[in-house]
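Student: I would like to learn how to read the features of a protein model, one at a time. Can we work through an example?

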Amino acid sequence: MNAPSHLPSVDKLLQHPRTAALVDSYGKTQCTQAIRAALGEARSRWLAEAGSNAEGADALLDAAEQKLQQLFAPRLKAVYNLTGTVLHTNLGRALLPQEAIDAVVQALATPSNLEYDLADGGRGDRDDLVEDLVCRLTGAEAATIVNNNAAAVLLVLSTLARDKEVVVSRGELVEIGGAFRIPDVMTRAGARLVEVGTTNRTHERDYEAALGEHSAALMKVHCSNYAISGFTKSVAEADVARIAHARQLPLIVDLGSGTLVDMRDWGLPYEVTVRETIEAGADVVTFSGDKLLGGPQAGIIVGSKALIAQIKKNPLKRALRVGKLTLAALEPTLRLYLHPEKLAERLTTLRLFTRPAAAMEQQAIALQAPLQSLLGPDYRVEHAAMTSQIGSGALPVESLPSHGLVVRPQERKRAGRLLLQLEAALRQLPRPVIGRLRDDALWLDLRCLEAADQADFAANLQQLALGSTPADGQA
């Protein structure tokens, strides 16, 4: 059977009055391709349906416009994080403070002295933009910045321990998200791992017995994404540093999340600070910029001048260095720490950590009835106390009191399908809403929904479309 002769041609559709607006928005090249694709699909449908009526110009242009919208829609979208995990790796971790956002916008729009020394007019070092700040806040002699903490660990080991041995407690051979394992990183860096102790107990004598002529360093890894409890024993950084320095070896400490302040000052659980680790005798410390520090993704390496100078000379440093946008965001974030009295107000991450549960309860009460009205009789919406977590490997066994909404299907028989349908519908909103499924319910933790965003969030929910519910017994 021949294709329908009365389907409009590509040229005719390009000359259609509606097409001018599409060409203006998307360009003639992409419009032409979308129209051809829509015509091709229409011909296939006509042939499959044995000569049904051919589609008109409006239907074909509707299909072409939909293809163009999908093509030009951004893949990286703003979402509402209602998972209860503040530093959610899959949702971008730390939210930048306004000062950092403003600095990034300026760096995007104007030339900057990224590697230009304004004092003498010569070439500069991009680390100079933040090194003084990092050293002031950590007590270290020197610092350098790479693109994440995994890169920081790789660079340090490649520089200080290539073809030599690094001694690490077996209980600290961590794996974090994305299958980042300390033993694997050591192998890639060219270092040889020497495990000491057992999973739950390591003693000073274990470190001392492992040292030999091929030893390059001792290493401590902060177990930020898990905790071992019960019959345990570990050796403090100061004691490991003493053992290392007695053999004229450096102590490397991977702090992972890394924090610059005592979290207890804001009623949060204690986490060892970078300064405390330096003061304990660590020669090199690595930590992240986008976790507890609350800044952009970066790996920060601090330590003695001599060792940092060696690290910066490693050819890998250039491959792992950060660009101007990271430095533009990191500098103002670090400056906020110079004014600790206002840190919880201005540093977004800390502000979210310290939100009072009562404020989230008020939000939940205000949103409960509108959400119930939108969902209808198939669901029951309640506000309830819940617990948030800091996330991204930080303080794994600690929780924060929170409040939010709990959505349960009315019919237990269809509960699974109704919850999946609701979760999918929330993900399809103009600004997707991400919660968590647990205990036959959808939990929407409001810790990360600040008061300034509540009105927009409620308006966004108004566009919720649940669609049809699968009948019982059907897939």
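**Reading the model**

Tutor: The chain has 19 helices and 15 strands. Keep in mind throughout that this is a predicted model.

Student: What does the C-alpha trace span along its principal axes?

Tutor: The C-alpha trace spans about 90 × 55 × 45 Å. The chain exposes about 23300 Å², and carbon and sulfur atoms supply 49% of that area.

Student: How many of the residues count as buried?

Tutor: Of the 475 residues, 47% count as buried. As for contacts between residues at least 6 apart in sequence, 75% of them join residues at least 24 apart.

Student: How many positive and negative side chains are there, and how far apart are the centres of the two sets?

Tutor: There are 51 positive and 55 negative side chains, with the centres of the two sets 4 Å apart.

Student: Next, sheets. How do the strands of a sheet pair?

Tutor: Strands pair through backbone hydrogen bonds, in a parallel or an antiparallel sense.

Student: Pro370 is in helix H17. Is Pro370 buried, partly exposed or exposed?

Tutor: Buried means under 20% relative accessible area and exposed means over 50%, with partly exposed in between. Pro370 has 36% relative accessibility, so it counts as partly exposed. The C-alpha atoms of Pro370 and Ala458 are separated by 8.0 Å, though the two residues are 88 apart along the chain.

Student: What does sequence separation look like for Val253 and Ala364?

Tutor: Those two are 111 residues apart along the chain, and their C-alpha atoms are separated by 42 Å. Val253 belongs to strand S8 (residues 251-256). Its relative accessible area is 1%, so Val253 is buried. Leaving aside residues up to four places away in sequence, Val253 touches Lys220, Glu237, Thr277, Ala282, Val284, Val285 and Thr286.

Student: Val285 is one of those residues. Which residue in S10 does Val285 stand opposite?

Tutor: Val285 stands opposite Val302 in S10. Strand S9 (residues 284-288) is joined to S10 by five bridges, and the two run antiparallel. Strand S2 (residues 142-146) also pairs with S10 in the antiparallel sense, over five bridges. In that pairing, Val146 stands opposite Gly299.

Student: How many residues of strand S10 are buried?

Tutor: Five of the five residues of strand S10 (residues 299-303) are buried, so the strand is largely enclosed by the rest of the structure. Both faces are covered, with Gly299, Ile301 and Gly303 buried on one side and Ile300 and Val302 buried on the other.

Student: Now a loop residue. Is Asp127 buried or exposed?

Tutor: Asp127 counts as buried, because its relative accessibility is 2%. Asp127 lies in the loop between helix H5 (98-109) and helix H6 (128-138). Apart from residues up to four places away in sequence, Asp127 touches Ala143, Thr144, Ile145, Lys312 and Lys317.

Student: Where does Asp439 lie, and is Asp439 buried or exposed?

Tutor: Asp439 lies in the loop between S14 and S15. With 53% relative accessibility, Asp439 counts as exposed.

Note on methods. Residues are numbered from 1 along each chain as its sequence is written. This is a predicted model: local features need pLDDT of at least 70, side-chain atom pairs count only at pLDDT 80 or more; totals for chains, interfaces and linings use all residues. Side-chain values use heavy atoms; hydrogens and water are left out. Helices (H or I, at least four residues) and strands (E, at least two) are DSSP runs, numbered from the N terminus. Buried means under 20% relative accessible area, exposed over 50%, partly exposed in between (1.4 Å probe, protein chains only). Contact means heavy atoms within 4.5 Å. Accessible areas come from the Shrake-Rupley method with a 1.4 Å probe; for residues, only the protein chains shown count as cover. Lys and Arg count as positive and Asp and Glu as negative; His and the chain ends are not counted. The place of a charge is taken as NZ of Lys, CZ of Arg, CG of Asp or CD of Glu. Two strands pair if DSSP finds at least two bridges between them.
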